Amino acid sequence: MALNLLIVDPDEEWLMAAKGFFENILYNVKIVNNGKNAQIALSNEKFFAVILNIHTKNHSGPQVLKFIKTRHANQKVICITDVDDSEEADEDALTPSVIKKMGATETIVKPFEFPDLKQLLEGHQSVGEMVSNIPRRKELGPEEEMDLEDSKFTKVKISEFYTSQPVLFDLFVQLRSGRYVKILHAGDKLDEERINKYKNEKKVEYFYFKREDLYKYVKFNNYFAKKVIGSDKVAGEKKMKLLQNVSEKFLEQSFQEGLKPQILDQGKEIAENVFNLVQEQDDLYKILRSYQDFDPNAFTHSYLVSIFSTSIIKQFEWQSKTTIGCTALACLFHDIGKMALPEELLHMNSDDMSEEQLEVYKTHVEKGYELLDGNPMLNNSVKQIVLQHHEYFDGTGFPYGKKGSKILTLANIVCLADDFAHIIQDEELKPIDALKELLTRRDQLTRYNSRVVENLIKVFADPAKIAKNYVLPSNSKVVNKKAS
Ligand SMILES: [Fe+2]
Ligand SMILES: [Fe+2]
């Protein structure tokens, strides 16, 4: 069933254009050009969202907003305004921050394009709403060949595409740079047979979709991952891959669009999925021993860091769902400050950098902290982990050269997981071999709290075989796992 949308704007011509646009992407649209009719519509019908031009007259925009908030507190309202926060607006100007205080869910400032509005709306759809808003087709739509800019697309390995459900967005195959074939329209079903046809007969390696659909992709796959992770019929390796896939696309999206609230919500869902996987998969140690992913890209790296960090924390007595969730999220963002570094540094190994380059590289931790700071959706541990993930136990790290117990244990765990993931990716080693390699690097081991190293070792051990009374030497304040 299509989602109902109410659009309120004094400009008739714009209203008609908006109606056309949103009906085309399958919303059920009602348009009104004054506040009074908006209130009548709201009293008679239910809407998924209201798009309200705050400069509407005859029941003014703010009056309508107030009406909505008192009668239907949960109603999503996207307000359009033409005054920006940054402008020298006078006190009662209807700027986005003023309108948000009045209760608007989102604001958008003119001029904007319809797809911007579409994206805002999609950011507030639940998975159920997303699914209900796709067309149901009896037959597959025709394949269409078209010229499109590569930068508009993102790709996913065809082998990692799991679906027997209708796809939520158009899916493409790349013929060559700039040339694509739309193979599925939103709402078409992608079945096993079709995947095999592309994979085996046409030797297609990747499916492409538009970057503007990343949000839908991540949201749906997070939901899917949650179900899969909870099922004991699916192999652990497959769960790991699925979560990796969604984490990578999530990071691509955050790097592209910044840390908007809806995006951070998805990050939290991923962190929760990581928690569930680490907590519930009894044979995780077996999978982790041989998990191979040598793709050196930064998104894969962040995922590996989050899996290893949370697996290490799981070995500690003081672990909790909140701790693991926070750390998993911090791991996804640990190197987000690199976004602010010069391009050439991003592809360099820190060992090959000149002294000046190294100094610039080191600022990524503070830059990351600054990016996250002030974001009320992130708690302080997440920010501190990002800031301290290169502090070393022996005091030789950066940015502050903190030492020993002055360093957040969670940050030291991420530090170890980070270096460990680098060994796997740079040296192309299986985790179990990377562990052996790490343990030979005596100089490097002084970077970490020895309890943390011991717990990394335990990540790869069969929990059933770990002696229950095994008491570890401790140089930190953490409590040893006691015999139960
Ligand atoms: Fe880093
Ligand atoms: Fe890193």
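## Helices α10 and α13

In this predicted model, helix α10 (residues 261-280) packs against helix α13 (residues 321-333) at an angle of about 120°, and their axes are 8 Å apart. Here axes are lines fitted to C-alpha atoms over the stretch in contact, with angles running from 0 to 180 degrees between N-to-C directions. The two helices, α10 and α13, are therefore oblique to each other (under 35 degrees is roughly parallel, over 145 roughly antiparallel, 65 to 115 roughly perpendicular, and the rest oblique).

Which residues of α10 meet α13? Among them are Gly267, Ile270, Ala271 and Phe275, while the α13 side includes Ile324, Ala328 and Leu332. The residues of this contact between α10 and α13 divide into 9 nonpolar, 2 polar and 3 charged. Contact requires C-beta atoms, placed from the backbone, to lie within 7 Å.

## Strands β3 and β4

Let's turn to the strands. Strand β3 (residues 49-53) pairs with β4 in the parallel sense over 5 bridges; a pair needs at least two bridges found by DSSP. Leucine 52 stands opposite cysteine 79 in β4.

Of the 6 residues in β4 (residues 76-81), 5 are buried, with 20 or more other C-beta atoms within 10 Å of their own.

## Helices α18 and α21

Helix α18 (residues 409-426) and helix α21 (residues 450-459) have axes 10 Å apart and an angle of about 50°. Therefore α18 and α21 are oblique too.

## How to read the model

Residues are numbered from 1 along each chain as its sequence is written, and chains are lettered from A and ligands numbered from 1 in the order in which they are written. As this is a predicted model, local features need pLDDT of at least 70 and side-chain atom pairs count only at pLDDT 80 or more, while totals for chains, interfaces and linings use all residues.

Note on methods. Helices (H or I, at least four residues) and strands (E, at least two) are DSSP runs, numbered from the N terminus. Two residues are in contact if their C-beta atoms, placed from the backbone, lie within 7 Å. Ala, Val, Leu, Ile, Met, Phe, Trp, Tyr, Cys and Pro count as nonpolar, Asp, Glu, Lys and Arg as charged, and the others, Gly among them, as polar. A residue is buried if 20 or more other C-beta atoms lie within 10 Å of its own, exposed if 12 or fewer, and partly exposed in between; C-beta atoms are placed from the backbone.
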